[in-house]
Amino acid sequence: MKNYVPEMKYETVTIQSSVTKRVMPPGFQLEIVAYDEEEFFKRTEIGRRYWELVAIHDVYHDKPMHQNVLRYWAELGLKKELFDADHDNAKYSYSVFTPLDLDPEKKYAVIYFSHGGGNTIQMAETYGFNTLAAVEKYIIVYAENGGRSNDQVIPEFARIMGELREKGYPVDWERVYSVGFSSGGMACSCTACTYTDRIAAVAVLPGANFLKEFPFYTGPEYYASTKGYRMPAIFLSGDNDHGNFPAPWVAKHPEELYKPGYNGVPKMEYAIENLNIWMRDIAKIKNYTPLTVESVSDLLLHSTDPVELEYGLKFDRGYAFRAQGTDWLGGDYYGTDGAPVIRYARAAGMIHITWESEANLVWDYLKHFRRDLKTGESLYDPVVCWGER
């Protein structure tokens, strides 16, 4: 299929360092949903494929630039580079993957990926996004962002993007996307709310874990740096992931509604108000009706619609589909221009991992959004095909 999106002219825009004083909130812990790990990895298509992808990390996790690692990625059509790995225990290192057939005369979308807590950038490279990069023609960056919890993601994003520019990577600066898994999902949300005029869209994996901790509700200055710009977002996970919200565990454990959360505000109330702020003020859903503890709880307890029962939300459009041997439930909310400014999807039986079909769904969503670098406006293109323009 030919990419028929017309070529566009680009102007160089410098990404400024953030002046925000915000920091990553403390980690949030929920009970892990019990599952049969051996059965999952042996008997599901995603589980078996997951271990195939992880194998390269298991062998060469301490030799990230071994010739066999470079050969492995080259066979998938990618060139790997690693920067800043030789000082400060590689705390601020990052890897960059580009298609082998990169054309310097074209521009390429960038995914800036923040890994999960306890993981490394080498582990994140096996999450499934690389197997798509050479085909879809995008650049992907994996950053340590300071370490385990990506606590330095705000200054690191600015530094690394600046270095990509200095090194001459043919970046499509209108199409830079922030993506993160687990604690990296909190990090990428932080990045998106700080650099809203430079990031075109964000993907949070698992969906909405950050809502339980971010001080949107108690501190409006926390998202003030969005400057009123729209930030489209996709929230994906499995229904066995402990990082979901809203989620069936609320119906199963109603006492969770009243447990103290951040700054003493009841946990459920705090998270719902954070979600209200994101959907109304950050994603800018059209004709948004604010959520309440009562409205979410009622759907989770009494709805007969499978999508509403899974989320406790009434979407503009709900849907079900199957991908990589797994059933999904999800929904979209639309903006004033008809763009799906919020997308949720959850895979049946999936646990706290990131996998190939999830990566595909993330990219299929992100690639349609771009950021006008002169006006900051969020623009949606329903027909864009590739990361390369």
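Biologist: Which residue forms a salt bridge with Asp84?

Modeller: The partner of Asp84 in that salt bridge is Arg159, and the closest N and O atoms of the two are 2.7 Å apart. The pair links distant parts of the chain, since Asp84 is in the loop between strand 1 (78-83) and strand 2 (94-99) whereas Arg159 is in helix 6 (residues 153-167), 75 residues apart. Please keep in mind throughout that this is a predicted model.

Biologist: And is Asp84 buried, exposed or partly exposed?

Modeller: Asp84 has a relative accessible area of 23%, so this residue counts as partly exposed. Arg159 has a value of 26% and is therefore partly exposed as well.

Biologist: What else does Arg159 form a salt bridge with?

Modeller: Arg159 also forms a salt bridge with Glu163, where the closest N and O atoms are 2.9 Å apart. These two residues are four apart in helix 6, which means that about one helical turn separates them. Glu163 itself counts as buried, because its relative accessibility is 17% and the limit for buried is under 20%.

Biologist: Which residues are linked in that network of salt bridges?

Modeller: The network is made up of Asp84, Glu156, Arg159 and Glu163.

Biologist: Why can such side chains pair?

Modeller: Side chains that carry opposite charges can pair when their charged atoms come close to one another.

Biologist: How many salt bridges does the structure hold?

Modeller: There are 23 salt bridges in the structure. One further example is the bridge in which the side chains of Asp172 and Arg389 meet, with 2.8 Å from N to O. That pair also links distant parts of the chain, with Asp172 in strand 5 and Arg389 in the segment after strand 12 (378-380), 217 residues apart.

Biologist: Are Asp172 and Arg389 buried or exposed?

Modeller: Asp172 is buried, because its relative accessible area is 0%. Arg389 has a relative accessible area of 5%, so Arg389 is buried too.

Biologist: Switching to rings, how many aromatic pairs does the count come to?

Modeller: The count comes to 26 aromatic pairs. One of the pairs is Tyr127 with Phe181, whose ring centres are 5.3 Å apart and whose planes stand at 75°, and because planes over 60 degrees apart count as edge-to-face, that is how this pair is classed. Tyr127 is in the loop between helix 4 (121-124) and helix 5 (130-136), while Phe181 is in strand 5 (residues 171-181), so that the pair links distant parts of the chain, 54 residues apart. Tyr127 and Phe181 are both buried.

Biologist: What about Trp328 and Trp355, are they stacked, tilted or edge-to-face?

Modeller: Trp328 and Trp355 form a tilted aromatic pair, with 5.8 Å from centre to centre and 35° between the planes. Here too the pair links distant parts of the chain: Trp328 is in strand 9 (residues 326-334) and Trp355 in the loop between strand 10 (340-347) and helix 12 (356-366), 27 residues apart. Trp328 has a relative accessible area of 1% and is therefore buried, and Trp355 counts as buried because its relative accessibility is 2%.

Biologist: Which residues do ring pairs link into a cluster?

Modeller: Tyr72, Trp73, Phe97, Phe113, Tyr127, Phe129, Tyr142 and Phe181 are linked into a cluster by ring pairs.

Biologist: What lies over the face of Trp173?

Modeller: That is Arg165, which lies at 4.1 Å from the ring centre of Trp173.

Biologist: Now the core: which residues touch the most other members?

Modeller: The largest nonpolar core has 111 residues, and the ones that touch the most other members are Phe129, Phe216, Trp278 and Ile342. Leaving aside residues up to four places away in sequence, the contacts of Phe216 include Cys193, Phe210, Tyr222, Tyr223 and Trp278.

Biologist: How many disulfides does the count come to?

Modeller: The count of disulfides comes to zero. Cys193 is buried, because its relative accessible area is 1%.

Biologist: Last one, where is the place of Ser182?

Modeller: Ser182 is in the loop between strand 5 and helix 7 (183-194). Its relative accessible area is 17%, so Ser182 is buried. Not counting residues up to four places away in sequence, Ser182 touches Gly116, Leu205, Pro206 and His352.

Methods:
Residues are numbered from 1 along each chain as its sequence is written. This is a predicted model: local features need pLDDT of at least 70, side-chain atom pairs count only at pLDDT 80 or more; totals for chains, interfaces and linings use all residues. Side-chain values use heavy atoms; hydrogens and water are left out. A nonpolar core is a set of buried Ala, Val, Leu, Ile, Met, Phe, Trp, Tyr and Cys residues joined through side-chain atoms within 4.5 Å. Buried means under 20% relative accessible area, exposed over 50%, partly exposed in between (1.4 Å probe, protein chains only). Contact means heavy atoms within 4.5 Å. Rings of Phe, Tyr and Trp (its six-membered ring) pair if their centres lie within 6.5 Å; planes under 30 degrees apart count as stacked, over 60 as edge-to-face and the rest as tilted. A charge sits over a ring if NZ of Lys or CZ of Arg is within 6 Å of the ring centre and within 35 degrees of the ring normal. A disulfide is a pair of cysteine sulfur atoms within 2.5 Å. A salt bridge is a side-chain nitrogen of Lys or Arg within 4 Å of a carboxyl oxygen of Asp or Glu.
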